[in-house]
Each structure stands twice: as structure tokens, then as C-alpha cells.
Amino acid sequence: MGCLRASRVFSMGFSSTYRTMSAAAPKLVAVAESRRFMIDCFKAVKVPQAHAEAQADLLVAADHRGHFSHGMNRLEMYINDLAINSTDGAAVPKILKETPATAWVDGLNGLGAVVGNYCMDLAIKKAKTVGVGWVCAKGSNHYGMAGWYAIRAMDQGLVGMSMTNTSPLMAPTRAKEAALGTNPLSLGANATNGDKFLLDMATTAVAVGKIEIQRRKGAPLPDGWAQDPSGGVTNDAELGFSTGCLMPLERIRADLRATRVTASAPWVGHFCRASCPGAQPTSTAR
């Protein structure tokens, strides 16, 4: 049975710290128990069982893969949004317009995992029919780990791509105020002999959740993660979090990538693509 750490969370970039502190046996929580707890939390704010399970599965998967910033770390934010009706936990996405290879979906302000799963499943269905599926959504919420949706396509033997925009959190090159989102993107493909390729990245140096983890641990930020109010680099996790201005992954190129994702997935939206390896374009996929 898989287990999740309950006592401490370690960033993969601090392996020496991990080796020093791992001598003390960490407290572990079984994956099944973590999932049950999160499902109960969602149901407590009137989220239907199926939607609660979808969101919990996403969070558990992030923690289990070591992507702690997008696991249970996000639970409080989701519950708070649901409690004040900022998010509709019962919303069911609907298709606004579609062709054999494309679709535009309205998430109706639903949970991000519910909308994201719906979009990728629709893209997968289209890819299996005409070779490729492109689905964009509007009216959604934080959809968690972008790689979750690429993996969903990979499990069906397809190439998967997923990206989303976010609230402004990144300062464009030489700016001191946030104007672009972290706008993560993911690409996954199966290889031979059981090998797989999965890219899951933000267009900022790190996701904002990584700042939250450092803040919670009382640890400093590495250079190049976040800016202070004057536009300078800060190593203060508290200041970096309160300023809310992350640095681009690679300056000008990151600006362009973030802008491209925003254009692909506007209005707090997501973009999902699934395609059959080696499939040829069809006239219906234009």
C-alpha cells in the first residue's frame, strides 16, 4: 500500500537536507486514508460523491508522485472556494460547440478536476475517432497538476497535452508587477519497452505552491524564484508569497510561452489535446 508523508514535506532540490532528517522515521498516512479524508472534506461542503472522488484522486496522485505543492497543499483553497460558493462543486461541464476533432466546453464554474477530466476524456474520444482531439474550456477553476491530464491520454495509448492559464503571478522580463500567469503546460507520450516521457512545467521558475511549501517549512527561497515589491530577487519566502510576483523560467522565452498559453486557454480555461501516434491529419481536424 502506498503511503504519504504527514509530518514533513521535502523539496527534491534539497536532497542533503532530506538525508540529514530522514534518520527520524517520518509519520506516514496510507494513500487510501488520505483519499478518504479529502473526499469527506469535499462532501462536507456539498460536493457530489463522484466530483469529490475526482478532485481527491487528483490531489492524492500529486502527493504520491512527490508533487507536494499540488496535492493536499491545495485542499484548503478548494474547500474555502466551495464554502463561499466561489466554485460550484456540483457543476457538470457542457459542450458549447464541436466538430469531429475539436470542442469548446463551458465548465460552468465547476471543480477544476471535473472540468479537466471531462475535456481530456472528450479529446481522447475524438482522437480515437479521427486521430486527434483538441478541446478548450472556459469557466473553470484551479485544475491541479497539469500532468494528470496528459497521463490520462497516455493510459489510453495516446499522446497527451494539457495547459491552463492562471491569475497574474509572473512578472514579465524587467517588470516589477505580475502581468502573466504561471500558465503550466504538460506533454506526455509512451515509448517502447514500457518507457514513458512526461513533461509537466510552469512558465515561471517554479509554481506558486513551491513558494507556499518553503514558507510553511520556514526555509529560504533559492535565487531566481520570486521578486520583492521593488522588482529585486528575494530569498524571503514570506515576502515572496505576499508579493505574489514570480520570476519567469527563462525570461523572454518564458514570457512568450506564458502569453501563448493565455491565448490558448482564456477566461480561467484549460486546453487538452489527445492524438494517436502516427495519425495523419484529416479534413475534419482543421
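Q: What should I know about the model itself?
A: This is a predicted model, so local features need pLDDT of at least 70 and side-chain atom pairs count only at pLDDT 80 or more, while totals for chains, interfaces and linings use all residues. Residues are numbered from 1 along each chain as its sequence is written, and side-chain values use heavy atoms, with hydrogens and water left out.

Q: OK, which residues of α4 are buried?
A: In α4 (residues 75–83), Leu 75, Tyr 78, Ile 79 and Leu 82 are buried. Buried is under 20% relative accessible area, exposed is over 50%, and partly exposed is in between, with a 1.4 Å probe and protein chains only.

Q: Why do they line one face of the helix?
A: Looking down the axis of α4, the buried residues fall within an arc of 95°, so they line one face. The arc is taken from the directions from the helix axis to the C-beta atoms.

Q: And what follows α4?
A: Asn 85, with a positive phi near 60°.

Q: Switching to the sheet: what's the strand order?
A: The sheet is open, with 7 strands in the order β3-β4-β5-β11-β6-β7-β8 and mixed pairing. Its edge strands are β3 (94–98) and β8 (196–201), each pairing on one side only. Two strands pair if DSSP finds at least two bridges between them.

Q: How do β5 and β11 run?
A: Antiparallel, with 5 bridges joining β5 (residues 132–138) to β11 (residues 270–275). Val 132 has Ser 275 as its bridge partner in β11.

Q: What about α5, how many of its residues are buried?
A: 14 of its 19, so α5 is mostly covered. α5 packs on the sheet, touching β3, β4 (102–106), β5, β6 (159–164) and β11.

Q: How many disulfides are there?
A: The count is 0, taking a disulfide as a pair of cysteine sulfur atoms within 2.5 Å.

Conventions
Helices (H or I, at least four residues) and strands (E, at least two) are DSSP runs, numbered from the N terminus. Contact means heavy atoms within 4.5 Å. Axes are lines fitted to C-alpha atoms, for helices over the stretch in contact, and angles run from 0 to 180 degrees between N-to-C directions.
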